[in-house]
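Dear colleague,

Please find the structure below, handed over for your records. A summary of the findings follows it.

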Amino acid sequence: MADSRLAEGMGLYSILSFEKPRDAAIHWATWMSKPLYSPVAGLRLGLNAAYTNARLTEDIPSLGGVSGDRLPSIPKWAASATADYTWRVFNEWSARVGGGLRYVGDTFSGLENTTGSYPQDSYSVFDLNADVSNDRWTVRLFIKNLTDKRVYTNLSALPNAATGEIMKI
């Protein structure tokens, strides 16, 4: 059963959704600008944020899950901010430059309290892009993860085959 609500006010969208899968509860709220804020001609700014509380609602012994455990790989918080500037270059051509900052909150590699579940740190990455276009053509350049931030999105143990001792995570 799903219940979704969309509220509009002050130029912003707020989406609240509630889901009830069989063994877990997922509650989330998303806020995003509508669709972008443009304080001056050519400049567009955008903000998005999401909160997700995804937990087991009952014990699942076959998985080692306990009621209240956070579900794996789902951050509580995620957000992004973007900025783009567009201007006329010549004739029918326009240019655009932009950037964005993406944030992903901390997660767990498995159900929160199970053996072999490891906390995964939050991270932020910065992206840049630029393009030149007309009604028919677009030439675009982009850089994802400008600062070359290294992130492990799934952690698991690497045990020693002889002793069972965990050698690496």
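Ser94 is placed in strand 6, which spans residues 93-104; strands here are DSSP runs of E with at least two residues, and helices are runs of H or I with at least four, both numbered from the N terminus. This is a predicted model, in which local features need pLDDT of at least 70 and side-chain atom pairs count only at pLDDT 80 or more, while totals for chains, interfaces and linings use all residues. Residues are numbered from 1 along each chain as its sequence is written, and side-chain values use heavy atoms, with hydrogens and water left out.

Ser94 counts as buried because its relative accessibility is 17%, where buried means under 20% relative accessible area, exposed over 50%, and partly exposed in between (1.4 Å probe, protein chains only). Setting aside neighbours within four places in sequence, Ser94 has contacts (heavy atoms within 4.5 Å) with Thr86, Trp87, Arg88, Val89, Asp131, Val132 and Ser133.

**Aromatic pairs**

Rings of Phe, Tyr and Trp (its six-membered ring) pair if their centres lie within 6.5 Å; planes under 30 degrees apart are stacked, over 60 edge-to-face, and the rest tilted. The count by this rule is 3 aromatic pairs. Tyr85 and Trp87 make a stacked pair, at 5.7 Å centre to centre and 25° between the planes. Tyr85 is partly exposed at 37% relative accessible area, and Trp87 is partly exposed at 36%.

**The chain as a whole**

The chain has 12 strands and 0 helices. Of its 169 residues, 23% count as buried.

Yours sincerely
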